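Subject: Structure handover

Hello,

Below is the structure I said I would pass on, and after it are my notes on what was found. Please read the notes with the model open.

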Amino acid sequence: MDGKRLSLLKEKLINEKSRLEEELKEIEEGNLSQNQSETTGENSFEDNFADSGTATFEREKDLSLERNIKDLLSRVNSALERVEKETYGKCVMCSQGIDPARLKALPYADLCIECKKKEEKNW
Ligand SMILES: [Zn+2]
């Protein structure tokens with residue numbers, strides 16, 4: 001892979017990383033303020049009861065979103081590690097070069113198309 005393409009992809013990864021960290025922070029801050037309002041104890045029992053269904057739903061939505069973001073973030077971080085180790089752009093399974101078009105669409109891709117297909121078959 002040539003240096004120019006690599007630095008472009010690295011930039012993409014760094015942008016993606018800060019975007020994900022920002023989203024994660026927003027979710028965590030959102031949860032924090034929600035928890036605080038739940039523990040004030042100023043609402044009557046009926047108010048709490050009526051709200052609890054939606055609150056649980058919102059919380060679960062946040063949790064799965066948080067998991068997705070953390071998952072993506074760890075992929076982005078390991079891609080950045082591979083940039084440092086100069087193994088970026090190679091498949092972690094078979095060491096073949098990953099298709100540049102694939103990397104352009106998915107800068108944190110760590111498997112070539114062939115290995116990805118194999119992995120999906122194993123599921
Ligand atoms: Zn491979």
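Along the sequence the chain follows the pattern α-α-α-α, which comes to 4 helices and 0 strands. Helices (H or I, at least four residues) and strands (E, at least two) are DSSP runs, numbered from the N terminus. The model is predicted: local features need pLDDT of at least 70 and side-chain atom pairs count only at pLDDT 80 or more, while totals for chains, interfaces and linings use all residues. Residues are numbered from 1 along each chain as its sequence is written, and side-chain values use heavy atoms, with hydrogens and water left out.

Overall values

Of the 123 residues in the chain, 22% are buried. Buried means under 20% relative accessible area, exposed means over 50%, and partly exposed is in between (1.4 Å probe, protein chains only). The chain exposes about 9,100 Å², and carbon and sulfur atoms supply 51% of that area. Accessible areas come from the Shrake-Rupley method with a 1.4 Å probe; for residues, only the protein chains shown count as cover. Among contacts (heavy atoms within 4.5 Å) with a separation of 6 or more, 60% are between residues 24 or more positions apart.

Zinc site

The zinc ion has four protein donors, Cys91 (SG), Cys94 (SG), Cys112 (SG) and Cys115 (SG), lying 2.3 Å from it. Donors are N, O and S atoms within 2.8 Å of the metal (3.2 Å for Na, K and Ca); water is not among the atoms, so sites may look incomplete. The angles among the 4 donor atoms are 105 to 115°, and the site is tetrahedral. Four donors count as tetrahedral if all angles lie between 85 and 135 degrees. Along the chain the donors are spaced as C-x2-C-x17-C-x2-C. Cys91 sits in the loop between α2 (45-84) and α3 (100-105), and Cys112 in the loop between α3 and α4 (113-122), so this pair ties together parts that are 21 residues apart in sequence. Cys91 is buried at 3% relative accessibility, and Cys112 is buried at 10%.

Arg102

Where does Arg102 lie? The residue is in helix α3. Arg102 is buried yet has no salt bridge, and the nearest side chain of opposite charge, Asp110, is 6.0 Å away. For charge, Lys and Arg count as positive and Asp and Glu as negative; His and the chain ends are not counted. Leaving aside residues up to four places away in sequence, Arg102 touches Ala109, Leu111, Cys112, Ile113 and Lys116.

Salt bridges

A salt bridge is a side-chain nitrogen of Lys or Arg within 4 Å of a carboxyl oxygen of Asp or Glu. How many salt bridges does the structure hold? There are 8 salt bridges in the structure, including the following.

- Lys61 and Glu58 are paired at 3.7 Å, N to O. Both lie in helix α2, 3 residues apart, about one turn of the helix. Lys61 is partly exposed at 42%, as is Glu58 at 33%.
- Asp71 and Arg75 are paired at 3.6 Å, N to O. The two are 4 residues apart in helix α2 and so are separated by about one helical turn. Asp71 is partly exposed at 41% and Arg75 is partly exposed at 35%.
- Lys116 and Glu119 are paired, with the closest N and O atoms 3.5 Å apart. Both lie in helix α4, 3 residues apart, about one turn of the helix. Lys116 counts as partly exposed at 25% relative accessibility, and Glu119 is partly exposed at 33%.

A network of salt bridges also links Glu16, Arg19 and Glu23. Arg19 lies in helix α1 (residues 3-39) and is partly exposed, with a relative accessible area of 41%. The C-alpha atoms of Arg19 and Leu73 are separated by 9.5 Å, the two residues being 54 residues apart along the chain.

Backbone

Two residues to check for phi are Glu86 and Ser95. Glu86 has phi near 60°, a positive value in a residue other than glycine. Glu86 is in the loop between α2 and α3 and is exposed, with a relative accessible area of 67%. Ser95 has phi near 65°, also positive in a residue other than glycine. Ser95 is found in the loop between α2 and α3 and counts as exposed at 51% relative accessibility.

Regards

Technical notes:
Four donors count as tetrahedral if all angles lie between 85 and 135 degrees; four count as square planar and six as octahedral if opposite donors are over 155 degrees apart and all others between 65 and 115; anything else is irregular.
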